[in-house]
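Subject: Structure for you to look at

Hello,

Here is the structure I promised to pass on. Please open it before you read my notes.

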Amino acid sequence: VSVRKKQLVCLQDACSQDAVNTNFVCYYRVSTNQQGQSGLGLDAQRQAVRNYAEKVQGTVLEELTEVES
């Protein structure tokens, strides 16, 4: 989880200058059924994306979810 958060922060920093008023199609993924059933991993990913989209005044057009086992 820590590595993912660092990757997301890096992505946010890299895009923050160019992403204002951008449309987003979001892909959320968890690697185990347990994560998918608990919702914790997916909820955290969705919230991080929503926070970022709001920060850059972007719009989430679509959200795709995948649960791998």
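Predicted model: local features only at pLDDT ≥ 70, side-chain atom pairs only at ≥ 80, totals over all residues.

The core

The largest nonpolar core has eight residues. They are Phe-24, Cys-26, Tyr-28, Val-30, Leu-42, Tyr-52, Ala-53 and Val-56. Two elements each give two or more residues to this core: E1 and H3. E1 gives the most, with four residues.

The aromatic pair

The count of aromatic pairs comes to one. Phe-24 and Tyr-52 form the pair, and the geometry is edge-to-face. The ring centres are 5.9 Å apart, and the planes make an angle of 70°. An angle over 60 degrees counts as edge-to-face, so the label follows from those 70°. The pair links distant parts of the chain. Phe-24 sits in strand E1 (residues 23-30), while Tyr-52 sits in helix H3 (residues 40-55). They are 28 residues apart. Phe-24 and Tyr-52 are both buried, and both belong to the largest nonpolar core.

The salt bridges

There are two salt bridges. In one, the side chains of Arg-46 and Asp-43 meet at 3.6 Å, N to O. Both residues lie in helix H3. They are three residues apart, about one turn of the helix. Arg-46 is buried, at 19% relative accessible area, because the cut-off for buried is under 20%. Asp-43 is partly exposed, at 44%.

The other salt bridge joins the side chains of Arg-50 and Glu-63, at 3.8 Å, N to O. Arg-50 lies in helix H3 and Glu-63 in strand E2, so this pair ties together parts that are 13 residues apart in sequence. Arg-50 counts as partly exposed, at 40% relative accessibility. Glu-63 is also partly exposed, with a relative accessible area of 33%.

The surface

Which residues make the nonpolar surface patch? Val-25, Tyr-27, Leu-61 and Leu-64 do, and the patch covers about 410 Å². E1 and strand E2 (59-67) are the elements that give two or more residues to this patch. Leu-61 lies in strand E2. With a relative accessible area of 55%, Leu-61 counts as exposed, since exposed means over 50%.

Where to look next

Best wishes

Definitions and conventions
Residues numbered from 1 in each chain as written. Heavy atoms only, no water. Phe/Tyr/Trp six-rings, centres within 6.5 Å; stacked < 30°, edge-to-face > 60°. Buried < 20%, exposed > 50% of the residue type's maximum accessible area, 1.4 Å probe, protein only. Patch = residues over 30% accessible without salt bridge, like charges linked within 9 Å, V, L, I, M, F, W, Y side chains within 5 Å. Areas by Shrake-Rupley, 256 points an atom, 1.4 Å probe, with all protein chains shown as cover. Salt bridge = Lys/Arg side-chain N within 4 Å of Asp/Glu carboxyl O. Core = buried A, V, L, I, M, F, W, Y, C linked by side-chain atoms within 4.5 Å.
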